[in-house]
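Trainee: I would like to learn how to read the pockets, cavities and helix contacts of a model, one feature at a time.

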Amino acid sequence: EVNGSFYQPSAFFMMGIPGLEAFHPWISIPFCALYLIALSGNCMILFIIKKTQSLHEPMYYFLSMLAVTDLGLVFCTLPTTLGIFWFNMRRIGFDACLTQMYFIHILSFIESSVLLAMAFDRFIAISHPLRHPSILTKTTVMKIGLAIIVRGMVSLLPIPFLLKRLTYCGKTELSHSFCFHSDIMNLACADIKVNVFYGMIILLSTVGMDFIFIVLSYILIIKTVVSLATKEECLKALNTCVSHICAVLVFFIPMIGLSMIHRFGKNVPPLVNTLVAYTYLIIPPALNPIIYSIKSSHIREALLRALWKKSE
């Protein structure tokens, strides 16, 4: 407590799954499985791409960025989620919560931007296959990756400071087992219009714009594919996009759902809010490596070669 009118809690208390607290040790089993799949799957993707020379091309460089981002999300949420399920460790320091929130949102924004870069890569590969290597060189891909990171860090930098300036009421219980901007903001008893406005502007100008450009990319891809001579060529071109489309849906559907719940779903049951949040942050890192391993014959073949060498 700094003075009579300003109060900042020393810590917040996180929630597990409301109404199912007695079953947390059992519920932790599928969560552990998802985290293990996410960790092993994304590490495997990175290892295969690094070791396989034929995969050193833009599509797989962007896939590496996606895998690193997914690993980051796993490491951000795993300690607090399993801490609650295993040891009922609900307390998190105020500054630690802001730090976790900052990195969760940065990584989410980076994942959105990487998915946009992958859509651009697919558009160039299908529309200008001969010029693809000269347009997306290794240097260009590195510059895109750096721009994605800088955009995420700079756009979200004011958020922790906007939260620290607020006066908080007696409530210190968060809705999830990790920290979200809107969740912390709603515990304040001060005017949060600036936080709401800035959060909305940043969300629309980053993730919102990414989603719009991804849709536009696929409209242009479909337009190009339709103009191809044969049905076989058309299907072959579209087949290269299937894994990316799945990754986009897996990421954006829960994210849009969670954003809608936080802003307009005051009457939504807490259990629904919690499950959507877990789906948004845990499912994509676990599913992305599976999607790309199943749909990408190059990754599948490289994985089989690596396993074959180990068995010899």
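This is a predicted model: local features need pLDDT of at least 70, side-chain atom pairs count only at pLDDT 80 or more; totals for chains, interfaces and linings use all residues.

Trainee: How much space lies in the largest pocket, and which residues lie nearest its centre?

Mentor: On a 1 Å grid over the protein atoms alone, a pocket is an open set of points with protein on both sides within 12 Å along at least five of seven lines, whereas a cavity is a set where a 1.4 Å probe fits but cannot get out; lining residues have an atom within 4 Å of a point. Points are joined across faces, edges and corners, and a volume is the space filled by probe spheres set on them. Here the largest pocket holds about 680 Å³, and among its 25 lining residues Ser 175, Ser 182, Asp 183, Asn 186 and His 262 lie nearest the centre.

Trainee: Which helices supply at least two residues of that lining, and what is its make-up by class?

Mentor: Helices are DSSP runs (H or I, at least four residues; strands are E, at least two), numbered from the N terminus. For the largest pocket, helix 7 (181-185), helix 8 (193-226), helix 10 (242-264) and helix 11 (270-295) each supply at least two residues, and the largest share, four residues, comes from helix 7. As for class, Ala, Val, Leu, Ile, Met, Phe, Trp, Tyr, Cys and Pro count as nonpolar, Asp, Glu, Lys and Arg as charged, and the others, Gly among them, as polar; this lining has ten nonpolar, ten polar and five charged residues.

Trainee: What volume has the second largest pocket?

Mentor: Its volume is about 340 Å³, and of the 16 residues that line the second largest pocket, Met 59, Tyr 60, Arg 122, Thr 240 and His 298 are the closest to its centre. Helix 2 (58-87), helix 3 (94-127) and helix 12 (297-311) each give at least two lining residues, with the largest share, three residues, coming from helix 2.

Trainee: How many cavities of 30 Å³ or more does a search of the whole structure find?

Mentor: The search finds three. The largest cavity contains about 290 Å³ of space and is lined by 17 residues, of which His 105, His 181, Leu 203, Ser 259 and Arg 263 lie nearest its centre; helix 10 gives the most to this lining, with five residues, and the classes are nine nonpolar, seven polar and one charged. The second largest cavity holds about 50 Å³, and its lining consists of Met 59, Phe 62, Met 118, Asp 121, Arg 122, Thr 240, Ser 243, His 244 and Tyr 292, with helix 3 giving the most, three residues.

Trainee: At roughly what angle do the axes of helix 3 and helix 11 cross?

Mentor: Two packed helices are described by the angle between their axes and the distance between the axes. Axes are lines fitted to C-alpha atoms, for helices over the stretch in contact, and angles run from 0 to 180 degrees between N-to-C directions. The axes of helix 3 and helix 11 come within 12 Å and cross at roughly 35°. The contact (heavy atoms within 4.5 Å) is made by Ile 104, Ser 108, Glu 111 and Met 118 of helix 3 and by Tyr 280, Leu 281, Pro 284, Asn 288 and Tyr 292 of helix 11.

Trainee: Which residues does UniProt list for "transmembrane region"?

Mentor: UniProt positions are given in the numbering used here, feature names are shortened, and annotations may be inferred rather than shown by experiment. The unreviewed UniProt entry lists residues 23-49, 61-87, 99-120, 141-163, 196-221, 242-263 and 275-294. In the model, residues 61-87 are 100% helix and 0% strand, with end C-alpha atoms 39 Å apart; residues 275-294 are likewise 100% helix and 0% strand, and their end C-alpha atoms lie 26 Å apart.

Key:
Residues are numbered from 1 along each chain as its sequence is written. Side-chain values use heavy atoms; hydrogens and water are left out.
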